[in-house]
Each structure stands twice: as C-alpha cells, then as structure tokens.
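Welcome! Here is a short tour of a protein with a ligand, written for someone meeting it now. Please take a look at the sequence and the 3D view before reading on.

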Amino acid sequence: MNRVNFEDGMAFPPRPNVNPNKLSLAQRPRRNRKAEWARRLVREHELTASDLIWPIFLVEGEGLREPVASMPGVERLSVDEAVRAAGLAAELGIPALALFPNIDPALRDVEASEALNEANLVCRAIRAVKRAVPQVGIITDVALDPYTSHGHDGLMEGEEILNDATVAVLVAQALNQARAGADVIAPSDMMDGRVGAIRAGLDAEGFENVSIMSYAAKYASAFYGPFRDAIGTKATLVGDKRTYQMDPANSEEALREVAADIEEGADMVIVKPGLPYLDVIFRVKETFGVPTFAYQVSGEYAMLMGAVNNGWLDADRAIFESLIAFKRAGAAGVLTYFAPLVAKKLKEG
Ligand code: PBG
C-alpha cells in the first residue's frame, strides 16, 4: 500500500522493505531442487529394473566363466552358467536377456553353416534357459558374424557382402532360434529387407507371436571393439562393416531405416551405439513413437569401467547418469552390460 498518512507528519511514503542484496524473482528453479523430497517429487524420469536388457556372452563348456579382457567384470558363460544368470535376472526383475555366442573357431566357415545347426550354442542356451527360467524373455541376435570365418555379418563374394543371399540365411537362422524357443528375434546385421523377410518366414511357420526387435539404426562404430573381442571376431574380421552399417555422420538416414523396419514388421527398434547417438534415439522416438531401445555398447562399457577402475569416475553415479540419459532421450529401455549391477543397486534401494 502506498497510502501515506501526512497527519502523522510523514512527508514520504515508507520505503519498501527490500534487501538490496536480494532479488525478487518470480521464477526460482532452485526451489524445486532444495531437498531430496522435492527433487523426487518433480523428477521426470526414473530408471527401474524393467528398463534393462542384459546382453550375455556364451561359450562352450561347463561351469565356465571366462573373463573378457577389454570388458572388466564381464565374462563369457557356459550354458549352465547362463541359466544361473537367467535366474539372477529373474530375481532382480530384469525382463530379458540378449544372447551372443562365441563360436568355436573350428565351426566357423564362409557359409556360416553353424548358424543353422539346431543344436548350436545359442539354441542349446535358449532351450536350457527357457526350461529353467521361463519368465525371463530371451532375445537372440540374428547376424552371421559369430559364425563366419571372416567375421562379417553377411555372406561374401570377393570383397562384397551379398545382401539378398545373406537375407535368405538370416531367415533360416531366425527360424532356427524361434524353434528353439526364442521370444524375440533381433536382427543386427543391417542387410536391406531382412525384417520383412524374417517376419514372413516366422509367420509361415506359425511363429506369429515371436517378436522382432530390429537394430534399425546401427552405426559402423569403433565402440564395438571389445564386443568383437568377446565373441572372438576381432582377429578374424577382414576390413570393416561400412558397406552395411551406417555412417556416424547421418541421422536423416536413421529415420528412413527405422521407417522401413517398422513397415516391414519390427515391433521394437534399437539405436546403437548409445550415448554418442542420443539425438538419434530422441528423433526416432519423437517421429515414430515405437518402443525404442538404446544399446550401451561394449566400448561405452569399457570406457566407463576404465575410468572407474582408475579412480577417475565414481562408478555408481557415472553408470546411473549414463542410463537415465537414455530414458530422458525417450528410450523404452537399454541393452547394457551394467544390467545386473544396476538392478542389484535398485533393489537395495
Ligand atoms: C554384430 C554385433 C555387434 C554388436 C552386436 N551385434 C558388433 C558388430 O557389429 O561388429 C556390438 C555390441 C557391443 O559392442 O556391445 N552383429
């Protein structure tokens, strides 16, 4: 009120009670950050165990856990150990595992014939896990690289990776996995037209309830290095994968790849790698609204663990921050080697 009572002898209105050192701001965003309860109340995204897909490396043997040198804390598991891992996943509330085999080098050939063996490592793991822990989803990788002597995801003629001839083998590989009991087929090969061909192949054999999670936007990335170590293709890979995996400089192209895969029947799509491609995850989710997954790949895991093991980063904080970033970008979930660790921390609260 500016009313002045001159009868009291006041010549001027009273000074407003303003502390010159304090601003009057309508917006003080810090009010919503003032305490943990307030931060929790306004939090936009949350990471739960339900967001996690745990990629697991398989190896022949029994009772075997083989450390992967470039991925500290990650091991290749024999089938019985994979079953135990599935039990842990169930206990921790992790919805699904993604299986990646390290195939005996003696079984790799130019035709990737072991991919079609109904008793191959992956099929045996699917059967064993589904028998013991049926409530955990099994996602299987469709691509020929674990099975080819040259380490490429497709068949080769000279220097060329053949598209259509590869797709025919991929369909057979997907059917082999579906017959063993896979819940979700995840083609990571980046051949053109493979999603439609796999969908048709699955439907023709009565597997219309088997899902397809396609690696729709998969980039030719340096961050796959440790994975190739884990599945044993590092030494054998001839050349690079740039004629089928995407150029890291492109994102419009990622939208076209995703559009094609959805049209061909993909139920869910993956963007890979993860953190360096958050913009792609965001655009895919914004544009299509389909369940979009991020793959926090082996190189991202190795970078974080390298820094953590040197004492340069706080493990828990860095890992959780990296994962909430995917949720913020719009991902429905994340394939991450941190899955068991993170689910355990979440369970402990
Ligand atoms: C190959 C495949 C790769 C990964 C998953 N499937 C590597 C590649 O394309 O060479 C990478 C996963 C990771 O780095 O964690 N079909």
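On a 1 Å grid over the protein atoms alone, a cavity is a set of points where a 1.4 Å probe fits but cannot get out. A molecule sits in a cavity if more than half of its atoms lie within 2 Å of its grid points. Here, the largest cavity is the space taken by the ligand.

This is a predicted model, in which local features need pLDDT of at least 70 and side-chain atom pairs count only at pLDDT 80 or more, while totals for chains, interfaces and linings use all residues. Residues are numbered from 1 along each chain as its sequence is written, and side-chain values use heavy atoms, with hydrogens and water left out.

**The ligand and its surroundings**

- The ligand is surrounded by 18 residues, the closest being Arg228, Lys241, Lys272, Ser298 and Tyr337; a residue is near a molecule if one of its heavy atoms lies within 4 Å of it.
- Sorted by class, this shell has eight nonpolar, three polar and seven charged residues. Ala, Val, Leu, Ile, Met, Phe, Trp, Tyr, Cys and Pro count as nonpolar, Asp, Glu, Lys and Arg as charged, and the others, Gly among them, as polar.
- A polar contact is a pair of N or O atoms within 3.5 Å; within protein, one must be able to donate a hydrogen and the other to accept it, and residues adjacent in sequence count only if both atoms are side-chain atoms.
- The side chain of Lys218 has an N or O atom 2.8 Å from an oxygen atom of the ligand.
- Lys241 places a polar side-chain atom 2.7 Å from a ligand oxygen atom.
- For Gln245, a polar side-chain atom is 2.7 Å from an oxygen atom of the ligand.
- The protein buries 100% of the 400 Å² that the ligand exposes when taken alone; these areas come from the Shrake-Rupley method with a 1.4 Å probe.

- Ala174 belongs to helix H4, residues 163-180; helices (H or I, at least four residues) and strands (E, at least two) are DSSP runs, numbered from the N terminus.
- Ala174 counts as buried because its relative accessibility is 0%. Buried means under 20% relative accessible area, exposed over 50%, and partly exposed in between, with a 1.4 Å probe and protein chains only.
- The C-alpha atom of Ala174 is 8.6 Å from that of Ala186, 12 residues apart along the chain.
- Ala178 is also found in helix H4, and this residue is buried, with a relative accessible area of 5%.

**The loop between S4 and H3**

- Asn120 sits in the loop between strand S4 (96-101) and helix H3 (121-132), and counts as buried at 1% relative accessibility.
- The side chain of Asn120 has a polar atom 3.4 Å from the backbone oxygen of Ala115, and a polar atom 3.2 Å from the backbone nitrogen of Val122.
- Ala112 lies in the loop between S4 and H3 and has a positive phi near 55°, although this residue is not glycine. Ala112 is buried, with a relative accessible area of 0%.

**Other backbone details**

- Lys272 and Pro273 are joined by a cis peptide bond, with omega about -5°.
- Pro273 is found in the loop between strand S10 (268-272) and helix H8 (278-288).
- Met190, in the loop between strand S8 (184-187) and helix H5 (194-204), has a positive phi of about 65° although it is not a glycine.

Note on methods:
1 Å grid on protein atoms, 1.4 Å probe; cavity = no way out; pocket = protein on both sides within 12 Å on 5 of 7 lines; lining within 4 Å.
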